[in-house]
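Have the sequence handy as you go.

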Amino acid sequence: MNNFFQDLKENVINQYKQCQAYKLLCDSQGFNPSINLNTEKDIENIPFIATTLFKKSADIFKHLLRVPVETIEKWTVSSSTSGDPSMVGRRRQELMQIGEINERDKEITRPYIVQECVFYPEPEVMRKHKSEMILGRPTESYMGNLLDLFEFKEGTIFLVKEEDEDLTIDIDKFKNFIIKHDQLEEHLAIRGSTLLIFNAIKELEETMRPVKLGKNVLVHTGGGGWEGKKGNISTGIAITRQEFVETVASFLGIPEENFIDGYSFTENTCGILGHYSKEYKDYLFHVPKWGKVIIRDIKTLKPLYNPGDRGFVQILNAYGTDSFAGASILVDDIAEIVSMDQCPDCNKYAMTIKVIGRVKGAEAKGCGATLNVRSEI
Ligand SMILES: [Zn+2]
């Protein structure tokens, strides 16, 4: 991992050679990466595969592999509210690469911590939850695989349990945890799904007084859920980032600056971390230098470059996609450019974006048409 552009170019060229579906897509756009990908400016011309094509229902996920299906270890799948998950074939080595990439963020995600309390099931439970065999390979939750790679500290408290087919949360355990650490200013991490944390706090607000865990506590969310839906859990009510942070920070007595959020999706390999900004009342995500993001206009799909511009998120991956066509992915999430080169809140030099959420209604129908390239494959 030295030169992102060279590594990305090599990855795209290999994907073009190994994945017939991607080659057809490129050929239809007159793009041959060996010929047309010469400078960083050319990156915006790299054809992308929409995440909708990885959906089980699209039935071409097998054709989005770059290696024979017998060689993959599993289908990593998204948690899906509709029962139509994304299916991404991965081998051990691609998962290990994600682990290596995430390690680079460890100063942010694991400052000195003595105890972790997480709103997730234990990684193995999460991985295997509702697993099934498809084309001779098991499906496993992608989130569960990320958790597996995260290497939680010994003694971590996992609050979510599997009961029959359902995942349930042990709220009393969480209550005891916050009472035990009240006023102690210990180095703790509370991690997990936004929706579960938010619901737990709302429930506890009814039965107990707020606590003060103090300035050394990290609140690390991930996996989305801001629309009020995640897997089989649904409140039907969207939560704003501001409402989440202000509610949790005030009930637990933790500074708002200590809230971070991870943006990832099943087809992607480089996690993108955001920190909450009191000024922006939102999480500001820094695009890491081992990945690249292009924001594209919702109607024209042309790249956008100005702060305030909103559009689809395209992610270019140089690493960790050797088993599937994940070098250039367009996801139907909308994000807004905050800055092309520097975070205005913490001054870090990085493209900075806000994640707005999924497209809805008529807009979504429009993009369905735009994003559907199945007929070409
Ligand atoms: Zn920042």
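In this predicted model, the hairpin of strands S5 and S6 has two residues between the strands, and Leu135 takes a positive phi there, near 50 degrees. S5 covers residues 133–134 and runs antiparallel to S6, with two bridges joining them. S6 also pairs with S2, but here the strands run parallel and three bridges join them. One residue pair from each pairing is listed below.

| Strand pairing | Direction | Bridges | Residues standing opposite |
|---|---|---|---|
| S5 and S6 | antiparallel | two | Ile134 and Arg137 |
| S2 and S6 | parallel | three | Val77 and Ser141 |

Next up is helix H7, residues 142–150. Seven of its nine residues are buried, so the helix is largely enclosed by the rest of the structure. The buried set is Tyr142, Met143, Gly144, Asn145, Leu146, Leu147 and Phe150. What's covering them? The cover includes strands S2 (74–77) and S6 (137–141), along with helices H4 (92–103) and H6 (123–128).

Now hop over to Asp345, in the loop between strand S20 (328–339) and strand S21 (352–358). Leaving aside residues up to four places away in sequence, Asp345 touches Ser277, Glu279, Tyr280 and Leu284. Its C-alpha is separated by 9.3 Å from that of Tyr276, 69 residues apart along the chain.

Definitions and conventions. Residues are numbered from 1 along each chain as its sequence is written. This is a predicted model: local features need pLDDT of at least 70, side-chain atom pairs count only at pLDDT 80 or more; totals for chains, interfaces and linings use all residues. A residue is buried if 20 or more other C-beta atoms lie within 10 Å of its own, exposed if 12 or fewer, and partly exposed in between; C-beta atoms are placed from the backbone. Helices (H or I, at least four residues) and strands (E, at least two) are DSSP runs, numbered from the N terminus. Two residues are in contact if their C-beta atoms, placed from the backbone, lie within 7 Å. Two strands pair if DSSP finds at least two bridges between them.
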